[in-house]
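Welcome! Please take a moment to look over the sequence and the model below, and then we will walk through some of the features together.

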Amino acid sequence: MLQTWILLRKNSYLKKDITLLCESAGYDSNCKVTFADVEAVVHRLHSGKSDGYRGIEHIKSACDDLFVYVALLFSGMTVHGFVPDDLRLSTIVPIPKGKNTNQTDSRNYRVIVLGSLLDKVFDLLLLDRYSDLLVTSQLQFGFKARMSTNMCTMVLKETISYYTAHRSSVYCTMLDATKAFDRVKYTKLFRVLMLRRLPPVVLRISLFMYTHSSARVLWNGCVSRHFSVSNSVKQGGVLSPVRFCVYFDGLLHKLIDAGYGCYIGHVFAGVLAYADDVVLLAPSASAMRMMLALCDEFATEFSVVSMLINLNV
């Protein structure tokens, strides 16, 4: 009960700070969404997508009048800082992890979260406009164009090979954050976004979406009642993985600035990340302990729980 009260207090302070920023900044081009903006995003959407009931085709094949109305809707949402219920609702679809698993045990399921189709359009629009303010470290390979887990693995192998070729030991620790996306704190996330100087009106509407989001479960054609989602990045959102990487970016920069890890020449390669999966590389055990201490500080501040896998090459 006390933790809930503290969370509500922090959210109210955050909302007040963002509201004051909106009042001081006023309403400018950041509030305006045009027909061309919506059309460009819709034409990039992939066919076959659904929000649990409707498919994306009814938007992609719509007449131009719909794009005009959607542009007016998005502009109104940004000006007033309010989002309709349908755009804040996600549908959770449980899927068994394997054919031979015990399907009566909830731990044997993974979930797919389907967000509102118009919410996806709005997220893509924001991503197009403000991608330069959401840039993360070059050592973060997750959810970036032209980057993949293969590239991250290649850098890891090359770094280990570099040290072994020079007859030097290299210590490797793999960090796997437990339910990292679900543990994201709204107050921390939006404080980080404020430091990146995202427009106040964008912060306000994003905060409204997060603090008023809801979900339902779709199972065998039956739908549960709606329930509120009080934490984590917004489920089913296009921007959610990007925002999570921004949330996690502080750890990478903390490790880079400390400089305890491995180097290839003058290039730091002591930490590699794919979203919440992190690999630490250090030339000595003492350096690794220092890096883990920094990770522990970040985990305490940002509510990250992880398990460790240690290797000594």
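Which helix gives the largest share of the lining of the largest cavity? Helix 8 does, with three residues. This is a predicted model, in which local features need pLDDT of at least 70 and side-chain atom pairs count only at pLDDT 80 or more, while totals for chains, interfaces and linings use all residues. Residues are numbered from 1 along each chain as its sequence is written, and side-chain values use heavy atoms, leaving out hydrogens and water.

**Cavities**

- The whole structure holds four cavities of 30 Å³ or more; a cavity is a set of points on a 1 Å grid over the protein atoms alone where a 1.4 Å probe fits but cannot get out, and its lining residues have an atom within 4 Å of a point.
- The largest cavity has about 80 Å³ of space, where a volume is the space filled by probe spheres set on the points, which are joined across faces, edges and corners.
- Helix 5 (117-130) and helix 8 (200-211) each supply at least two residues of this lining; helices (H or I, at least four residues) and strands (E, at least two) are DSSP runs numbered from the N terminus.
- Among the lining residues are L126, Y130, S206 and R243.

**Salt bridges**

- There are five salt bridges, each a side-chain nitrogen of Lys or Arg within 4 Å of a carboxyl oxygen of Asp or Glu.
- R129 and D37 form one of them, at 3.1 Å from N to O. R129 lies in helix 5 and D37 in helix 2 (residues 35-42), so the pair ties together parts that are 92 residues apart in sequence.
- R44 and D128 meet in another, at 2.7 Å from N to O. This pair links R44, in the loop between helix 2 and helix 3 (57-60), with D128 in helix 5, 84 residues apart.
- R88 and D85 also pair up, at 2.4 Å from N to O. R88 counts as buried at 9% relative accessibility, whereas D85 counts as exposed at 55% (buried is under 20% relative accessible area, exposed over 50%, partly exposed in between, with a 1.4 Å probe and protein chains only).

**Positive phi angles**

- Most residues other than glycine have a negative phi.
- R197, not a glycine, has a positive phi of about 65°, and R197 sits in the loop between helix 7 (186-195) and helix 8.
- N220 has a positive phi near 55°, in the loop between strand 4 (214-219) and strand 5 (222-223).
- R197 is exposed at 72% relative accessibility, and N220 is exposed at 66%.

Terms used:
On a 1 Å grid over the protein atoms alone, a cavity is a set of points where a 1.4 Å probe fits but cannot get out, and a pocket is an open set with protein on both sides within 12 Å along at least five of seven lines; lining residues have an atom within 4 Å of a point.
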